Amino acid sequence: MPDKDTDHKEKIMPLTTLTMQPGRTGEQKQRILDGVHAALVHAFGIPENDRYQFINEIPRENWDVSRSPNDILVEIKAFSGRSVEAKRELYRAVVRNLEACGVTPQEVFIIVNDLPMENWGIRGGQAACDIDFGFRIDV
């Protein structure tokens, strides 16, 4: 029987939610997810396999009509500790990677929610501040 802690060891953060309108193909959505993840690996130094992503598709009638139908809202919940420069690099990398997917820089909106590690209950109810993740948070 697989060890649950080992199976999910690095898949705990950051949590990324992309909000967009329907209409992109599965391949397009995967490229967008890959682009955001690559930016997190680059800018925040997270392990390559530390990936927890979701896409929410909001129908056009529930979308602000002043916004482009191509807009993407990228919301990242992460442990506190990243520097302002690491966040700036993340923003640049996300925009650059999504531009390669056909999304213009003006159509990307990014929010990083820094949450103290004691506010994360993971790995069977442990406080994240009590766990050694094996990689640096304070980049």
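## Strand E1 and its partner E3

Leucine 15 has lysine 77 of strand E3 as its bridge partner, in a model that is predicted. This pairing belongs to a set of five bridges that join E1 to E3, and the two strands run antiparallel. Strands of a sheet pair through backbone hydrogen bonds, and they can do so in a parallel or an antiparallel way.

E1 is mostly covered, since five of its six residues are buried. Threonine 16 is found in this strand, which spans residues 15–20. Is threonine 16 buried or exposed? Its relative accessibility is 1%, and because buried means under 20%, threonine 16 counts as buried. When its neighbours within four places in sequence are left aside, threonine 16 is in contact with Val36, Leu40, Tyr52, Gln53, Phe54, Val74, Glu75 and Ile76.

## The sheet as a whole

In what order do the four strands of the open sheet stand? The order is E2-E1-E3-E4, and the pairing is mixed. Strand E2 (52–57) and E4 stand at the edges with a single partner strand each, so one side of each is left without a neighbour in the sheet. On average, neighbouring strands of this sheet are turned by 15 degrees against each other, with direction ignored.

E1 and E2 pair in the parallel sense, and six bridges hold this pairing; threonine 19, for example, has asparagine 56 in E2 as its bridge partner. A parallel pairing is also found between E3 and strand E4 (residues 108–115), which are joined by eight bridges. Valine 74 stands opposite isoleucine 110 of E4, and valine 74 is also among the contacts of threonine 16.

## Two helices against the sheet

Two helices take part in β-α-β units with the strands described above. One right-handed unit is made by E1, H2 and E2, while E3, helix H3 (residues 84–99) and E4 make a right-handed β-α-β unit as well. H2 lies across E1, E2 and E3, and its direction is at about 140 degrees to E1. H3 packs on the sheet too, where it touches E3 and E4, and its direction makes about 145 degrees with that of E4.

H3 has 16 residues and reaches 23 Å from its first C-alpha to its last, which is close to the 22 Å expected at 1.5 Å a residue. Which residues of H3 are buried? They are Ala86, Lys87, Glu89, Leu90, Ala93, Val94, Val95 and Leu98. An α-helix has 3.6 residues a turn, so residues three or four places apart point the same way. The buried residues of H3 are covered by parts of the structure that include helix H2 (26–44), E3 and E4.

## Aromatic rings

A pair of aromatic rings is described by the distance of the centres and the angle of the planes. How many aromatic pairs does a search of the whole structure find? It finds four. In one of these pairs, phenylalanine 79 and phenylalanine 133 are tilted, with 5.3 Å from centre to centre and 45 degrees between the planes. This pair links distant parts of the chain, for phenylalanine 79 is in strand E3 (residues 72–79) and phenylalanine 133 is in the segment after strand E6 (126–127), 54 residues apart. Both phenylalanine 79 and phenylalanine 133 are buried.

Phenylalanine 133 also pairs with phenylalanine 135: the ring centres are 6.2 Å apart and the planes are at 55 degrees, so the pair is tilted. Phenylalanine 135 is buried, as is phenylalanine 133. Ring pairs link Phe79, Trp120, Phe133 and Phe135 into a cluster.

Glycine 121 lies in strand E5, which covers residues 121–122. The C-alpha atoms of glycine 121 and proline 22 are separated by 32 Å, and the two residues are 99 residues apart along the chain.

Technical notes: Residues numbered from 1 in each chain as written. Predicted model: local features only at pLDDT ≥ 70, side-chain atom pairs only at ≥ 80, totals over all residues. Heavy atoms only, no water. Buried < 20%, exposed > 50% of the residue type's maximum accessible area, 1.4 Å probe, protein only. Contact = heavy atoms within 4.5 Å. Phe/Tyr/Trp six-rings, centres within 6.5 Å; stacked < 30°, edge-to-face > 60°. Pairing = 2+ DSSP bridges. Right-handed = clockwise from strand over helix to strand, strands pointing away. Expected span 1.5 Å × (residues − 1). Axes fitted to C-alpha atoms, helices over the stretch in contact; angles between N-to-C directions.
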